[in-house]
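Dear colleague,

I am handing over the structure below, and after it I set out what was found. Please read the notes with the coordinates open beside them.

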Amino acid sequence: MSRPMADSHRRFLQTMMSNGIISASQAEALHKHCCETHGAHYVADRLDDFINVINAQLQPLFMYIRKGMSEENGLEYYALVNMTETDITRMASDYADNELELFRKTMDLIVDSESGSASSTDILNCADSLRTKKLKKKETELVLNKFVQDKWLNEKDGEYTLSVRCVVEMEQYMRTIYQDLIKVCHVCHNIALQCQMCENPACGIKVHLPCAARYFRARSDPHCPSCNDFWPHEIPEMHRFQTQSSQNLPSSSRENTAPTTSRRSRRS
Amino acid sequence: MSQRKRAVSASQNKTQRRSQATLNEDEEEASFSQVTSSQVQRARENFTSDQIDRKVAEVVQFILIKDQKKIPIRRADIGKHVIKDYKLLYTDIMNRVCRTFEQVFGLKLVETDPKNHIYILINKLDPIQGEPVSMRPVTQKKGLLFVILSVIFMKGGVIKENLVWNTLKKLRVDPGEKHDEFGDVKKVVTDEFVRQKYLEYVKIPHTEPVEYEFRWGLRAEKEVSKLKMLEFVGELFEQDPQSWTQQFREASTQSTVDTSSQRTSS
């Protein structure tokens, strides 16, 4: 039983389209704003119902608004996803062919890596062997900057990771391309790139850092949820990955304690 | 499949002997207008509703992507890149596409150039003040645009560019300096807003050194309510909007989105 779409839903959808990806707290505020602007009945905490109305209409268009978690800060985000994209067509109109090839190669490096990141050195090496058209060092740096600015990649200390926008919007594409090669978090079942791994060679399950924080919360003796071996990694603190409060304020003071950097766990 | 091809090629006349793939643009355009109703009926029977649904979705995607770049959409492109074999169903498909844009997105597909069949997507929802603060500075740019549009409107529809720059300077937006919010202000106004068809930036002939003037662009004509703008100005100057008789007359007769915009036609 789907409610019909109203102007409040349309405005929400339009805003999502022009912003690409929004955080859950922005989405809550937007939900309130859209309902109030168009005189629609607003119920706080019913954001998912509201979005489901939109998604019912988007389904025949092979699009939907998807919720995903950032590996960096554990916060949830909403993005508009295209189900028919079997390639990185979303980026196609913004980048040249060789830049797209570089992005694919960077993604390969990141998916392949243990840390879920790729160093700028490794990416520069790729740039040198592109099939389409080689990129010089300076050009590569500019393109990488653009990827970061357009929110496809994050960069820290010369290491590049996939942004939450990339992971949420391109999950379909990544699962198609990488199939079994791509790691999945044992706790939340979404693609896991920056994660902790069980050291038992027969097990090897992966868990996102925020998921580990939640799962192993306050356990002094953590064990692998799959094989029960001792979990040898440092458990991140919960307060670093503050989940959304259901308040309607755009940003409550409590939320901003999550740091923008994440510590990598020590591997033995 | 072959039945359809035979039916199509039998009814397409001598100008279209070449296969679909090698049609050039003019012929692409011409093929839109040489369709009979019996051809359409036959075509409807040749495709499943699932296939047609899919095509509608593809056209919607195509238009959304082009519109994101604010590139006007040409009917020939839709035909060549998306509709392709479903050409005879163009009208059916486009009708559904238009309905989808209105009902799902609150957008309207408007023909800006009836001769060359070029479309843009405009916003059917009323522009509003104050989006949630944490959104990108899309609204700030709209504010900037609104100021410029109102100056042009109040001054009779055409103004020299100096007037725009002076007005902005009074608001501490200096086109000569890099602005915190807008960056290169001159570029935003003369390039971005013009490309998006909110403004027209036209050379005044026989001027030395070259001077330019600003007018409202087609998208502004369709999306911005002159009546609302006049009300706003009235509040600003604490005057009755009707006291500007010329502007009031123009605002009252503006054909906005809701009244008379043409639907797409084949």
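How many residues apart are B:Arg219 and B:Glu223 in helix H10 of chain B, and by about how many helical turns are they separated? They are four residues apart in H10(B) (residues 218–223), and are therefore separated by about one helical turn; helices here are DSSP runs of H or I with at least four residues, strands are runs of E with at least two, and both are numbered from the N terminus.

Before going further, please note that this is a predicted model, in which local features need pLDDT of at least 70 and side-chain atom pairs count only at pLDDT 80 or more, while totals for chains, interfaces and linings use all residues. Residues are numbered from 1 along each chain as its sequence is written, chains are lettered from A and ligands numbered from 1 in the order in which they are written, and side-chain values use heavy atoms, with hydrogens and water left out.

Salt bridges

B:Arg219 forms a salt bridge with B:Glu223, with the closest N and O atoms 3.9 Å apart; the term means a side-chain nitrogen of Lys or Arg within 4 Å of a carboxyl oxygen of Asp or Glu. B:Arg219 counts as buried because its relative accessibility is 2%, and B:Glu223 counts as buried at 16%, where buried means under 20% relative accessible area, exposed over 50%, and partly exposed in between, with a 1.4 Å probe and protein chains only. Salt bridges with shared partners also join A:Asp48, A:Lys67 and A:Glu76 into one network.

In chain A, A:Arg165 is bridged in this way to A:Glu169, with 3.0 Å between the closest N and O atoms. Both residues lie in helix H8 (residues 164–169) of chain A, four residues apart, and both are buried. B:Glu102 and B:Lys124 also form a salt bridge, at 3.7 Å between the closest N and O atoms. B:Glu102 belongs to helix H6 (residues 90–105) of chain B and B:Lys124 to the loop between E3 and helix H7 (138–154) of that chain, so the pair ties together parts that are 22 residues apart in sequence. With 31% relative accessibility, B:Lys124 counts as partly exposed. Over all chains, the count comes to 26 salt bridges.

Strands

Chain B has an open sheet of three strands in the order E1-E3-E2, with antiparallel pairing; two strands pair if DSSP finds at least two bridges between them. Its edge strands are E1 (73–74) and E2 (107–113), each of which pairs on one side only. Two bridges join E1(B) to E3(B) (residues 118–123), and B:Ile73 has B:Tyr119 as its bridge partner in E3(B).

In chain A, strand E2 (residues 63–69) is largely enclosed by the rest of the structure, because five of its seven residues are buried. E2(A) pairs with strand E3 (residues 76–82) of chain A in the antiparallel sense over seven bridges, and A:Met69 stands opposite A:Glu76 in E3(A). The hairpin of these strands has six residues between them, and A:Gly74 takes a positive phi near 70° there.

A buried histidine

A:His31 lies in helix H2 (residues 24–37) of chain A and counts as buried at 3% relative accessibility. Leaving out residues up to four places away in sequence, A:His31 touches A:Phe12, A:Tyr42, A:Val43, A:Arg46, A:Leu47 and A:Phe50, contact meaning heavy atoms within 4.5 Å.

With best regards
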